[in-house]
Amino acid sequence: MASYKPTKITVYPKLGEKVTQDTVYWKNYKAPIQIKEFGAVTNINFSPVAPHNFAVTAFTRIHIYGPFSHEPVKSFTRFKDTAYCGRFRSDGQLLVAGCEDSVVRLFDVNGKVALRMYKGHTKAVHVTDFTSDSYQILTGSDDYSCRLWDIPNATELNAYQEHTDYIRCGQHLFSMFDGRVDKSVMTLDHGQPVESLLLYPSEGLLVSAGGRFVKVWDLLKKGQPLVSLKNHHKTVTCLCLSSNGERLLSGSLDRHVKVYNTTSYKVVHNFDYAASILSLALAPNDESIVVGMTNGILNLKHRKNAEESKEISGQQRRRPSYRVFVKGKNYFPKQDDYLVSKPVKQHLAKYDKQLKKFNVSKALDTALEAWTRLKKPEITVAVIKELDRRGTLKNALAGRDEQGLSRLLYFLIGNLFDPRFAPVLVTAAEMILDIYQSVIGQSSVVDRQLLRLQEMLEREIDYQQELLEVLGMLDTVFASSLPRKEDESEVGALSARCIEAR
Amino acid sequence: MVEHGDIRVVHRGGSKINSREPVISSDSRLLLCASGECVKVFSTSTEECIHDLRGHTGLVTGVLLRPSNHLQAYSCSADGTVRLWDFTDGILIKTYAIGYPIYSIHASPNHERVIFIVISTLSEKKSELFQLVAVHLPQSGDRLVEARELSAVLSDVSSNPAAIAFGRGGEYIVSAKGLQLEVYFFKKQKSYRFSLKENNKKGRKNTFTCVASHPQDDCIATGHEDGKIRLWRNFSHKKEYTYSTLHWHHSVVSSLCFTPEGTNLLSGGVESVLVQWRYNQESQKDFLPRLGAAITHIVVSPDGALFCTSHSDNKITIIQSCVKVSAIIQGLVKGESLSTDLMVDPRSKAMVLNGKPGHLQFYSLQRDKLLFNLDIVQQEYIHQSGLQQFEVVKAAFTASGNWLASVEERKQKDAELELNLKLWMFDEQSQSFVLNTTISAPHEARITAMCFCQSTDSQTTMLVSTSKDGHFKAWQLATPAHTEDDGPSWSCDFVGAYHSLVPECCTFSADGSLLAVSFQEVVTVWSPSSWELLTTLSQPPGAIRDLCFGKLSCSKYLVGTTANNLLCCWNLLTCALEWSTSMNTSLLLADPLSENMAAFCPQAGFTDLFVFKPNEPRPLYSHKAVCSGNVTRAVFAPREEMLDSCEESSQWLNHSQLYFLTQCMDLMTFTTKAEEARQMAASKQLVIDDSIAMTPFHLLLGKHRGQQQQQESGQDSLSAERTPLPQGSAAIKELLQTPAHILPSTSFLCSMFVQSLLISVTDSREETKHVEEEMESEKEEDSEEEEIESRAVRPPEMARCGQATETATLTKAQVKELRRVKKLDHGWLSSVLDL
């Protein structure tokens, strides 16, 4: 004797983005804070030491912000022209910046005036940085040269003249230099002007961004290109690694920041911003994301606290305690015990209990309860479908009062145009109209809902027509663009694919 | 059987067991039911078929216990004979030749040596009129007796055996036909007719469908087409008869039955609910719902303990006192139509076809038994006639048996077709198929064919389905991009079409490198790796009906049959027609294990079989008129062990066996003489008698279901046959419960085990109860003697019984005890001597 088979709730494929670990992680930021700067934010750099202040280079100033304040902690304004590339030293005490006037300035983070000025470049210095031993500074300038400076003496140690274009970060060809030798060690060709470079902490991989491409190079294999990513549709301007080195972030003029998995180099998350992105930085431990844009707006996103994110999960309904479930579970019968097996009781949902008793109207009522109707419309639709299969949908729909009917119509208005539910609900809607056409005009509530349904139907029909027009256009485009083969079946297959895709 | 004498078409099971009502033997242990041309005897507790009673040459139309001897049974058949069987041993006792096809058989204990049979009216006109005749069975010692003494009792009866019933004590016989109920009293030799109006108020039919009469009361219950049951009383008067109406069923009542004491009335119908009405308190009723399929017959065992219902899905259910289903005897289910092809599951080697609505059945060809049903639709089946239900219409297996694809469809009235394509993965752990992917609406119209890529070495599994909407789609197993929770699932890989023609059939080549799809009269050959159209083959006129790639050495050939009586063989290397022959082929199929192909060709009401290899247009084997009618389904089932026949004509049967279904849905196969001889030898197997003791081994191996009930009821009614269980024995417990690796050697355990199986003396006390009854009279005499004897020094029997006691002097209590022991042993011994 078979037991009752419950109504099957169709599982529909989830629409939209799939929720992955990454989306959960990267979505766990608070609402962004916007700070207006004087000009386009060209560079953002986090101090490597706590409390992780960050330097924002915008127009002729460098502002230093604290991790939580939205006012600059400090600002360096003694630039004669546009400042470039304000960067912290690894101990967080010194800051170096280039300038349009070709002078490189070194600041003490606590001071106000420049400690040292390095003069030697003949054109604007766009790139400045400390070397890893933190006693030297490397600068790159529009005069096609790269120079290495000694910090204490303010003397020029070395100059590399091999570049043939402005050094913005590197350029068309970018070269690797060894500080001890005055010649390039390696030259890599990116193909487009390089906007940003990033060296992995392991120093084995180099990431370059230029044009619409982000390329990864393996330095240990003589600069072999590892992968080329083309996920942006405008120039990629900045690169950044997450704190654990497992995710790579790239910002672009197309106003997106993309997060890549560094093992598969697939995009795992995407941030949208209001304007083209020029600079991007991540605080240690990914505590905040700071993005600078062309319109001079600095966008800060702080990570949610542990308590805040917990609050959401705490809202879930409390389940019976663990003890209830384990009670008697680990009791094993003794040798002489006589085992009486309890028949497993089949648990049925409320609507199934009614369906089992052939109470069709009640089954529909239970499926139309507010919670099910709003939160899980697929259950309601499945029950309607089941009633239709049993040939009793008409009986279930008939004989309703104003309230019941308006609830039904309310559900239809909400879900009739969902393509997943439409085939089932259209039959139900037709039946409702058939059954209740004699009483139209008796209740203002029902009439209003019917009018609304009609209005939405008309709009939907218009949409469909437009879609069909677009499809027709696409078909023509495909048909003309495809090389004509001896058989048209290819075209047929392709257009069939289009229909599928739609 | 014209050309080759040694290959024979044989009937291979699958016949109906629900055509006539089954019969339960008086001890409730055996169940007899008519099945095709034989009567099958089943055990009610183990569900096993104990033996077949073979002998009839036509369809068996009725089985009946002989009223005067409950160990014998009559069976009647369309071949015009009534046979008397000893069904416990399966021996044919007598054959009565009647000479007319018999449609049903009835008997009552009141009428000795007379049986009542239904035959068609002896008029020359070929009409659908039947009459009930009484046959006097002549007494003679011969095995074959002519019984020509027929006397008509009732004319114009229904051929349905349920519409005729004997009344209380066989005093009258009731027959219902159409809207008329007729009661014939044997004593008065008079019949009364009662008729109902054609339609009642609601326009539903009043037609009688079945009758049953109360065993102790003058009351007749009739079932009607509108679901009503009427209880007729006082029908010995023409005018003053009365009836009361019971109504629960919503459609036809197909069977009615009173329990032997007459306390309950059982009824069943399309709803597949067994309803038990209390007699005289009809408002009280019990239900046993969800029996699986519409009930066709209800039978109660003579002691009233077992109910037995046959169902429309070729199933017999045994129910213990309207509470619990204790056993299910399931035959090959034949739905309204066979919509799936016959297939062979590569794992279980079972034949697979659609069975119960919404199910696929796995049917063992070797054992002629249904293995299990796979629920494809997974929806509650609503037992209501005229309701559109989901039906499984297509199914396919991969070569390894890991994947099963099924298509179910439901056609609504307003042309809205609901289609689901489901893919099932074989789960090693549960040893069954588990649903992996459901694709709702895979095509816009009905699916015409579906096949898996049969190559075993390819990494990807591919399924191709063709549909009436003009497309064929390839489905591929793909791992999802985000590999977190769910495993691989199926998705559409390619959609193909050709000149907006309708694709009819599709097939993959043996190595999976080519796909052939036929579009009406054009065969298109595609490469599944690049989805490129490689070539088209066409042989107009006539649309392609079947397509098969050659196997092994003939893999360069593609064979197709057209609707225009043409069998074509194309060479795929030259893309040209190799040969063609004109024959009307209804079915073409290829043996998966050899190059052979079989073609069934209907010709003048019969079907011929041709077996050939694609490389030459000469048949290897041909068989004229394998059966009447058209063969539409057949399958090559791989053999478990290869035959090594070297004769050319029978070589094609070496690797696989060809099964086919005839138009009347009989499963037939081809066998050779050598094979038959071997099977005969193998069939002399031991039939497990269910009366053996319920040892712990039985508990392990036997069926768990309903064991407890059986034991309890067994104690009441048939404890006599059952020996008590040596279950409590420590030795057996130890043997079964200690893990195998720490058990001592078997030789050590053997003696202990054997001893524990011996019936100890204390146990024999209960056991010999029945012997006591036999010996009662004897004992009474004995006890008187013993009273005297016990005063004597030492009874001589005691030494004989081996119960020698050393005590020289006995107390009074001891003497009493001794006397009791002696009594028992005496009985036990004499029973041994009796044997």
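Is A:Val236 buried or exposed? With 0% relative accessibility, A:Val236 counts as buried. Keep in mind that this is a predicted model.

**View 1. A:Val236 and its neighbours.** Start with strand E20 of chain A, which covers residues 236–241 and holds A:Val236. Leaving aside residues up to four places away in sequence, A:Val236 touches A:Glu195, A:Ala209, A:Gly211, A:Arg212, A:Phe213, A:Val214, A:Ser250, A:Gly251 and A:Ser252. Look for A:Ser196 too: it sits 40 residues from A:Val236 along the chain, yet their C-alpha atoms are separated by 8.1 Å.

**View 2. The largest nonpolar core.** Here we're looking at a set of 37 residues, where A:Leu364, A:Ile384, A:Leu387, A:Leu409, A:Leu425 and A:Ile432 touch the most other members. Helix H10 of chain A gives the largest share, seven residues.

**View 3. Zooming in on A:Ile384.** Not counting residues up to four places away in sequence, A:Ile384 touches A:Leu364, A:Leu393, A:Phe411, A:Val424, A:Leu425 and A:Ala428. Elsewhere there's a second, separate core of 31 residues, including B:Phe508, B:Ala516, B:Leu547 and B:Trp570.

**View 4. A four-stranded sheet in chain B.** This open sheet runs in the order E2-E3-E4-E5, with antiparallel pairing. Its edge strands are E2 (23–24) and E5 (49–54), and each pairs on one side only. Two bridges join E2 of chain B to the antiparallel strand E3 (residues 30–35). To find a bridge, pick out B:Ile24, whose partner in E3 is B:Leu31.

Notes: Residues are numbered from 1 along each chain as its sequence is written. Chains are lettered from A and ligands numbered from 1 in the order in which they are written. This is a predicted model: local features need pLDDT of at least 70, side-chain atom pairs count only at pLDDT 80 or more; totals for chains, interfaces and linings use all residues. Side-chain values use heavy atoms; hydrogens and water are left out. Buried means under 20% relative accessible area, exposed over 50%, partly exposed in between (1.4 Å probe, protein chains only). Contact means heavy atoms within 4.5 Å. A nonpolar core is a set of buried Ala, Val, Leu, Ile, Met, Phe, Trp, Tyr and Cys residues joined through side-chain atoms within 4.5 Å. Two strands pair if DSSP finds at least two bridges between them.
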